[in-house]
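Let's walk through this one together, helix by helix and then out into the loops and strands. Keep the sequence and the 3D view side by side as you read.

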Amino acid sequence: MAAHHIGAHIWPPDGKNLCDDEDAEGFWFSPSLDGARALNDAEVSVLRRSRIELMQKPVRPLHSAGIHHNLMIVSTEFAALAEAMAPGRHQFVPLSDVWFQKAKEPSPGRYLAVLIMDYAATVDLEKSNIVRQFLPQLQKTAVRLSAIYPVQRVVRTDTAMGRSLWADEVTGAIFCTEDFRKRAKALGGTLGLGFGECTEI
């Protein structure tokens, strides 16, 4: 199953604007542009200091608050589940400046960023609906799964062996097993994830 939900904005630290402030630090990561790797120290530093604005109203517990490629904004309970089912396979970054929509105060200590780092060549790039966007400033092409109907996700089932929650090494699309989905739903509260069926090969 493909897990998907884009529900968070990651803004530069210190209230700066990428368009107006030359020294503004912006966080961005995509496996298709940056490679299937962990976040480096500089990226972790920016992410920890960034302001995270959630598109949801303050519903607690909300376990998955946003997805950017293979980076998820998740509750401490969701993070604990991911780590328990795949020890040492993901990268966790504590967040302190996380805001729900219309909230009067942040939610420190409640959410973490988790980079899904169990990478595998899961998506069949030739048979799936893929969006390719050339970025002239980087001279690179970003690749992601298309969300436009009809959605077509063709995946290699053998990449699920020994995994519970993982990311495609090119598109960054996140996948999980049925067992992981059931355990995540059993956390209680609002899971905050959508799941899409895939065509298996």
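Which residues are exposed on the other side of α2? They are Asp 41 and Ala 42. Before going further, a word on the ground rules: this is a predicted model, where local features need pLDDT of at least 70, side-chain atom pairs count only at pLDDT 80 or more, and totals for chains, interfaces and linings use all residues. Residues are numbered from 1 along each chain as its sequence is written, and side-chain values use heavy atoms, with hydrogens and water left out.

Back to α2, which spans residues 41–49. Helices here are DSSP runs of H or I with at least four residues, strands are runs of E with at least two, and both are numbered from the N terminus. The buried residues of this helix are Glu 43, Val 44, Val 46 and Leu 47. Viewed down the axis of α2, they fall within an arc of 165°, so they line one face of the helix. Here "buried" is under 20% relative accessible area, "exposed" is over 50%, and "partly exposed" is in between, with a 1.4 Å probe and protein chains only. The arc is taken from the directions that run from the helix axis to the C-beta atoms. As for what covers the buried residues of α2, the list includes β2 (8–11), β5, β6 and β8.

Now turn to α3. Its buried residues are Phe 78, Ala 79, Leu 81 and Ala 82. They cover an arc of only 160° around the axis, which puts them on the same side of α3. Packed against these buried residues you'll find β5 (71–75), β6 (91–94), β8 (111–115), β13 (165–168) and α4; contact means heavy atoms within 4.5 Å.

That last partner gets its own look. Two packed helices are described by the angle between their axes and the distance between the axes. For α3 (residues 76–85) and α4 (residues 178–185), the angle is about 150° and the axes are 10 Å apart. The axes are lines fitted to C-alpha atoms, for helices over the stretch in contact, and angles run from 0 to 180 degrees between N-to-C directions. The two helices are therefore roughly antiparallel to each other, a label for angles over 145 degrees. On the α3 side, Phe 78, Leu 81, Ala 82 and Met 85 do the meeting, and in α4 their counterparts are Asp 179, Phe 180, Arg 183 and Ala 184. By class, that contact has 6 nonpolar, no polar and 2 charged residues. For the classes, Ala, Val, Leu, Ile, Met, Phe, Trp, Tyr, Cys and Pro count as nonpolar, Asp, Glu, Lys and Arg as charged, and the others, Gly among them, as polar.

What about α4 itself? Phe 180, Arg 181 and Ala 184 are buried there. Down the axis of α4 these buried residues fall within an arc of 100°, so they line one face of the helix. They pack against α3, β13, β14 and β15. With 19% relative accessibility, Thr 177 counts as buried. Leaving out residues up to four places away in sequence, Thr 177 touches Arg 163, Ser 164 and Trp 166.

Strand β8 has come up already, and Leu 112 is found in it. This leucine counts as buried at 16% relative accessibility. Among the residues that Leu 112 touches, again not counting those up to four places away in sequence, are Met 72, Val 74, Ala 79, Phe 92 and Val 93. Met 72 is 40 residues away along the chain, yet the two C-alpha atoms are separated by 8.2 Å.

Finally, check the backbone in two loops. Most residues other than glycine have a negative phi, and most peptide bonds are trans. His 69 has a positive phi, near 55°, and belongs to the loop between β4 (64–68) and β5. At 23% relative accessible area, His 69 is partly exposed. Lys 102 also has a positive phi, near 65°, and lies in the loop between β7 (98–99) and β8. With a relative accessible area of 72%, Lys 102 is exposed.

Technical notes:
Angles under 35 degrees count as roughly parallel, over 145 as roughly antiparallel, 65 to 115 as roughly perpendicular and the rest as oblique.
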